[in-house]
Amino acid sequence: MTDVQDKPAVAPTPVEKASGGVAATLFRFQSVFGLLAVFVAAIIFSPRRDGEILFLSADNLANVVRAVSEIGIIAVGMTFVILIGGIDLSVGAVLGLAAVGSAVLMVESDWGFLPSIVVVLAIGLVFGALQGMATAMIGIQSFIVTLAGLQIARGLARIWSDGQGVAIAYGDGPNEAPSTFALLGERTFGGLVPIPVLIFAVVAIAAVVFLRISAFSRHLYAVGGNEKAARLSGVPVIRVKIAVFAICGLLAALAGVVHAVQLNQGSPNDGIGYELDAIAAVVIGGTSLAGGRGSVAGTVAGALLLGVLNNVLALNNIDSNIQLLIKGLVIVAAAALQRLRPAS
Amino acid sequence: MAESALVRMSGIGKRYGGVQACHEVEFTLGAGEVHALLGENGAGKSTLMKILSGDVTDYDGRIEIAGEAVSFNGPTDAQAAGIAMIHQELDLVPALSVADNIFLGRELRTPYRTVDRRRMDREARALLERSGVNLDPRRPVGELRVGEQQLVTIAKAISLDARVLIMDEPTSALTTSEVERLFAVIRELRRSGVGIVYISHRMEEIAQVADRATVLRNGQIVTSFDPRKLSTAEVVEAMVGRPVQTMFSTPDAPTGDELLRVEDLVVKPRRPRPGRRDPDGISLTVRSGEIVGLCGLLGAGRTELLETLYGVAPGGTRSGRIVLQGKEIRPRGPRHALAQGIGLVPEDRRASGLVLFHSILANTVVSSLPAYGRLGVIARRMERAASIRMADRLRLKFGRLQDDVGTLSGGNQQKVVFGKMLLTEPKLLLLDEPTRGVDIGAKAEIYRLLGELAGQGLGVLLASSELPELIGVCDRVVVLRDGRDVASFRTADSGESDLLAAAMGESAVFEEVGGPQ
C-alpha cells in the first residue's frame, strides 16, 4: 500500500482538465438557456411606454429579483434536500413561523434585532434537523415527515401569534421593532439592489461554492445517487440527511425573516404554497427528483425564470388564472426537456 | 443443419457512434442445439443478442426464423416469434411475489376477470420445481437472494414456451448444485427442440452443456468450435487475441502475523429473516498477506459473515469474538469498519457498490474524502491525483475521469469499487463474489491485483461460488455450511471436489455429483 499516500507532489495528469464537478455541466446550462429564452420573450412581449421597454426598466428588474428572493432562498435549501432524494413540504410553513417569530419577538417582546434573528434562524435549523432525524433515523419517508412538519409549523405559528398577523412598526419605543431590522428591506448600491436580493445572492453563491469544494457535498451527492452504496462506502448517511434538512429549515427561516421585513408584518398564514413554487424552481433548474444530480445554479436560473414569467404576464395584465396555467405548462416543458436529454 | 436452422442471422452489422459493435456476423442456431457465445465484454455478444431479441432494431443484415425472414420492431415482436431472453440484469419487480413476477403482464384470470392467484401460485410452483428450485411462489422477489432471483427469471423464461432461449450468464449467481440443476433443465429443453444461446464466461460450463461454441472479438466472429475438443487456454487465446500464460497468479509471498481472528461467532437476529443465514458458530483466521477463501452453497452464510464483519448486518445479539490485530472489535458500521482498516467489495456492484451516473472520480474517492483537503474543503488536484493513481494501478480502461462510471464495462466498474476501497488503505479486504459478471481479461487482472495486494501484506477474505477461483486464488479455503465453518483446506493440497464435498455435506455428495468421490 505504500504507493497510496495522500501527498501527490505533482499530479501526473494525462487527462485534460475538464470543468468537472459531480453534476453534469450539460443540464446545468439547460435552465440557463431556458431563462435566456424567457428573458428575451419578456423583452419582446413587454408593454412599452414612450418607446421604453417597461420590463427592462431598472425598477421593474429590481422588482423581479425582489419578488424572487424569498422563493429563491427556500429553493436553494430545497435543492439540497432534493439532491439527497428527499422532499421538504414544510418550508412554506417554516417561513410563516419565522415571520411570526420575528414580529412577535421584536414587536411584542421587545427583543433586540440580533437575538431575535438568531433565535428565529435557530428555530428553523432545529425544526429542519428534527425532520431530518425522523426521516434518517426512524426511516419515515421525507414526504410524510415534512407533510406532518408543515402542519406542526403552521400550528406553532398560529399559537405563537394567537392566530393574528402581527404588524411591524419601526422605532425605539415599546412595541416597535428596532430600525436596524427595517434596513433589511431597503436597497443598497445606490438604491439599485434590494437587500433581500443581496441576501438571496449571498445564499446562492455560498451554496454553489459549498457544493463545489466541500467534502460534505460529495457525500450529499453520493447519498442521493445510491444510498446503499454510499452507506457501504462509509458515508455518514444519517448525519448527511440531518444536516441537509437542517440547512433547508434554516434557509426557510431566513426567507421568513426577509418576508416579515418586506411585508412589515408576520402572519401565521404567510408562505402558504411556497414549497410548491420552490420545488418548481428546483425542477425547472434540472435537479432530478430521484436525487443525486442537479445544481444550485440551475435552481437559481429556475427561480429567476419563474419570476420573469410572472412579471411579464403581470405587466401585460394577463389574468392570474391564466398565469397559473402558463406556469404549469412551463414546468411540464422543463421536465420534458430533461427527458429528451441524451441518457448518460 | 444448414437447411433446418431455427435461427439464421447473416451479415449482421451494428455501429454505435464510432464503435463497430458487430461486423458481418453470421450466426445460426439449430432446434435442440445449445450454442455457446463467448467473448470479452464489449466483443459484441450482447449487441448480437439484443438484435435477435428485438431490443435493437436498426442494424444491417437479415434474420431468418425457421426459414422465414423476419424484422422485429421491438421485444414484443421477438417474443411473439418465440424468442425469449434472460437478461444478466435481472428484470424483476422486487415488491411483487415470485408468482406475480413470473406471470407479469399475462396474469391468469378467473371467469370474473379477477386475478386467479391460486392457479398462478400453483403453476409457478410447478415451473420452479421444473427449474430445480424449491421456493414459495408467494414470497416477494425482493426478499430473495440474487441467485434465487436468477432462478426465478429462468423459470419465467421457460414459462414463455419459447422456441429460442437466450441466456446471458445465467449461472453467475448460482451455486454449483444449482448450476447442475439448471443444466438438467437445459438438457430437457434441448430434448424438446428448444434452441438455446448460452452466453457465459465460464469455460467449464460451456464444455459441459454446449454443442457448439462461437467466439466473438471486436464485433467479429473469430472461430467456431466444438467446446469439448478445445482446451481452455486455446479458447481464451481466441477471445483475447493473444496467448495467456496463467489465469491465476499464485501468490507465493510468505504470510505474516495474524490479522483477523473470528472465534465462535454467533449472531442471533432480532427477528428472523427468510433466506438469511446468520453466523451460527464460525471460527477462522486470516494472516496478513494471506488470501482466505469462503466456500459454501447458496445460503451457507458467506455474505452474512462478511456483512457481520463489516458491521452492516441487521441488528441482533452477537456472541463470540472478532479480533483484529490482537484487539477485539465490534464492527458498528462501514465507517467504523473502514476506520479499523476493514474494507468491503460488495456482492452487487451496481446496486451496492457504485453510483452509476456519477463520475469515475467521484466514485473512487468517496470513501477516502477527508484525505484530500483540510477543514472539509476538497483540494481538487489531490483527489484527481489519487483517482488517477488508482486508475493506473488497477489498469482501468477509461476515457476521462469525468465519465460516468456506468459507461465502463463490468470488469472496469468492479475495478472502480476496488479502487475506492484501496484508497482507504485497508489492512483487511472482504470480497463478495468479486468477479461476477466480469470478463475473462478483467478477471485475470483482478486476480493479479489480489496477488499483488497480498504481497504487500494485505489480508483478504474472498467469498466466491466459483470453485476454480477459490482453488486458484486462495492460500486457504474455509468451507461454510448452514452458518458454520465445517472444513478448512490448504489449496496447495486439495481440489474442487474436496470443497464441494465439504460444502454439501458428505451424504449429499453422492446424490448430487455422483461419481467422483
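Predicted model: local features only at pLDDT ≥ 70, side-chain atom pairs only at ≥ 80, totals over all residues.
Reader: Okay, where do the two chains meet? How many residues of chain B are in contact with chain A?

Author: On the chain B side there are 40 residues, and they are in contact with 31 residues of chain A.

Reader: Which elements of chain B give two or more residues to that side?

Author: They are helix H10 (334–340), helix H11 (349–353), strand S18 (377–378), helix H13 (380–393) and helix H14 (410–422) of chain B. H13(B) gives the most, with six residues.

Reader: And what's the side of chain B that touches chain A like by class?

Author: It has 24 nonpolar residues, nine polar ones and seven charged ones.

Reader: Switching to the inside. Which residues touch the most other members of the largest nonpolar core?

Author: That core has 263 residues, and the ones touching the most other members are Ile74(A), Leu251(A) and Val460(B). Helix H10 of chain A, residues 237–263, gives the most to this core, with 19 residues.

Reader: Why does the core lie between domain 1 and domain 2 of chain B?

Author: Because both domain 1 (5–240) and domain 2 (258–341 + 426–512) of chain B give residues to this core.

Reader: How many Å separate the centres of those two domains of chain B?

Author: Taken over C-alpha atoms, the centres of domain 1 and domain 2 of chain B are separated by 31 Å.

Reader: Sheets next! What's the strand order in the open sheet of six strands in chain B?

Author: The order is S6-S7-S8-S3-S9-S10, and the pairing is mixed. From one strand to the next, the twist averages 20 degrees.

Reader: Which strands stand at the edges there?

Author: Strand S6 (83–86) and strand S10 (220–225) of chain B. Each has a single partner strand, so one side of each has no neighbour in the sheet.

Reader: What about S7 and S8 of chain B, do they pair in the parallel or antiparallel sense?

Author: Parallel: strand S7 (residues 164–168) and strand S8 (residues 195–199) of chain B pair over five bridges. Across that pair, Met167(B) stands opposite Tyr198(B) in S8(B).

Reader: And the open sheet of four strands in chain B, what order does that one have?

Author: S12-S11-S14-S15, with antiparallel pairing. Its edges are strand S12 (280–287) and S15 of chain B, and since each has a single partner strand, one side of each is left without a neighbour in the sheet.

Reader: How many bridges join S11 to S14 in chain B?

Author: Eight bridges join strand S11 (residues 258–269) to strand S14 (residues 316–324) of chain B. One facing pair there is Arg261(B), which stands opposite Val323(B) in S14(B).

Reader: What goes on between S14(B) and S15?

Author: S14(B) pairs with strand S15 (residues 327–328) of chain B in the antiparallel sense over two bridges. Leu324(B) has Lys327(B) in S15(B) as its bridge partner. The hairpin has two residues between the strands, and Gln325(B) takes a positive phi near 50 degrees in it.

Reader: Then what about Asp50(A) and its phi?

Author: Asp50(A) has a positive phi of about 55 degrees although it is not a glycine. Asp50(A) sits in the loop between strand S1 (48–49) and strand S2 (52–53) of chain A.

Reader: Is Asp50(A) buried or exposed?

Author: Exposed, because Asp50(A) has 4 C-beta neighbours inside 10 Å, and 12 or fewer counts as exposed.

Reader: And where is Asp110(A)?

Author: Asp110(A) is in the loop between helix H3 (91–108) and helix H4 (113–138) of chain A. Asp110(A) also has a positive phi of about 55 degrees without being a glycine. With 14 C-beta neighbours inside 10 Å, Asp110(A) counts as partly exposed.

Reader: Last one: is Thr308(B) buried or exposed?

Author: Thr308(B) is buried, with 24 other C-beta atoms within 10 Å. Thr308(B) is found in helix H9 (residues 302–310) of chain B. Leaving aside neighbours within four places in sequence, Thr308(B) is in contact with Leu265(B), Val267(B), Pro279(B) and Ala313(B). Thr308(B) and Pro279(B) are 29 residues apart along the chain, and their C-alpha atoms are separated by 8.2 Å.

Notes. Residues numbered from 1 in each chain as written. Chains lettered and ligands numbered in written order. Contact = placed C-beta atoms within 7 Å. Nonpolar A, V, L, I, M, F, W, Y, C, P; charged D, E, K, R; others polar. Core = buried A, V, L, I, M, F, W, Y, C linked by C-beta atoms within 7 Å. Buried ≥ 20, exposed ≤ 12 C-beta atoms within 10 Å, placed from the backbone. Domains from an automatic or database assignment. Pairing = 2+ DSSP bridges. Axes fitted to C-alpha atoms, helices over the stretch in contact; angles between N-to-C directions.
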